[in-house]
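I opened a new structure today and kept notes as I went. The entries follow the order in which I looked things up.

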Amino acid sequence: MSDTPLTPNGGADAPTTGPSMRVLAQYLKDHSFENPHAPQSFVDNGQAPAIDVNVDVNGRGLGGDQYEIELTITAKATRGDDVAFVIETTYAGAFEIKGVPQDQMEGVMLVECPRLLFPYLRQIISETTIAGNFPPIMLDPIDFFGVYQQRKAREAAAAQGASA
């Protein structure tokens, strides 16, 4: 048994020896669902809609050890040239991140924080498509490290192109 007393908030006031991250708040920041051709978009013409999904992650400092991370997912469903629906949702979180070396902070903000936010955003998108009279979009898990690596590669290519 530990001699360290527990505080009422689960030990959040206890000193930490290594990196730590806490979710201070999470919230729906922006949400849009467009069904431009309703009710004709509900007619089953035997053609399953093609769904294109895009993911974006952004982070910014709020002061001190606090940061806001925004996870945005845009999904567009089309049948041929007709748009069935478009959904764009930004889900955000305020995080307290301490003890992380500066050279690793960007990775924590753009990889680890979105991993915590994603399940909630996935649920919102699923429920919204159902409310729009479509089958739920069940987003596959996202490799946020891969998204981060692609972002870094684009930034490096842009910097190289600018210096050439």
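**Entry 1, the chain.** I noted before anything else that this is a predicted model. I counted the secondary structure and got 2 helices and 4 strands. Read from the N terminus, I have the order as β-β-β-β-α-α. I looked up burial next: 29% of the 164 residues count as buried. For the accessible surface I wrote down about 10200 Å², with 52% of that belonging to carbon and sulfur atoms. I also checked how far apart in sequence the contacting residues are. Among contacts with a separation of 6 or more, 69% are between residues 24 or more positions apart.

Which residues touch the most other members of the largest nonpolar core? I found Ile 69, Leu 71, Phe 85, Ile 97 and Ile 125, in a core of 30 residues. I then asked which elements supply it, and found that β3, β4, α1 and α2 each give at least two residues. The largest share is from α1, with 11 residues.

I checked the length of α2, residues 144–163. At 1.5 Å a residue, its 20 residues should span 28 Å, and I found the end C-alpha atoms 29 Å apart, which agrees. At the N-terminal end I found a cap: a side-chain oxygen of Asp 143 lies 3.3 Å from the backbone nitrogen of Phe 145. I listed the buried residues of α2 as Phe 144, Gly 146 and Tyr 148. These buried residues pack against β2 (50–63), β3 (66–79) and α1 (102–131).

I picked Thr 90, which lies in strand β4 (residues 82–98). Is Thr 90 buried or exposed? Its relative accessible area is 9%, and buried means under 20%, so I put Thr 90 down as buried. I looked for a side-chain partner and found Thr 72, joined to Thr 90 by a polar contact of 2.8 Å. Beyond its neighbours within four places in sequence, I have Thr 90 in contact with Tyr 27, Leu 28, Lys 29, Asp 30, Glu 70, Leu 71 and Thr 72.

Note on methods. Residues are numbered from 1 along each chain as its sequence is written. This is a predicted model: local features need pLDDT of at least 70, side-chain atom pairs count only at pLDDT 80 or more; totals for chains, interfaces and linings use all residues. Side-chain values use heavy atoms; hydrogens and water are left out. Buried means under 20% relative accessible area, exposed over 50%, partly exposed in between (1.4 Å probe, protein chains only). A polar contact is a pair of N or O atoms within 3.5 Å; within protein, one must be able to donate a hydrogen and the other to accept it, and residues adjacent in sequence count only if both atoms are side-chain atoms. Contact means heavy atoms within 4.5 Å. The expected span of a helix is 1.5 Å times one less than its number of residues. Accessible areas come from the Shrake-Rupley method with a 1.4 Å probe; for residues, only the protein chains shown count as cover. A nonpolar core is a set of buried Ala, Val, Leu, Ile, Met, Phe, Trp, Tyr and Cys residues joined through side-chain atoms within 4.5 Å.
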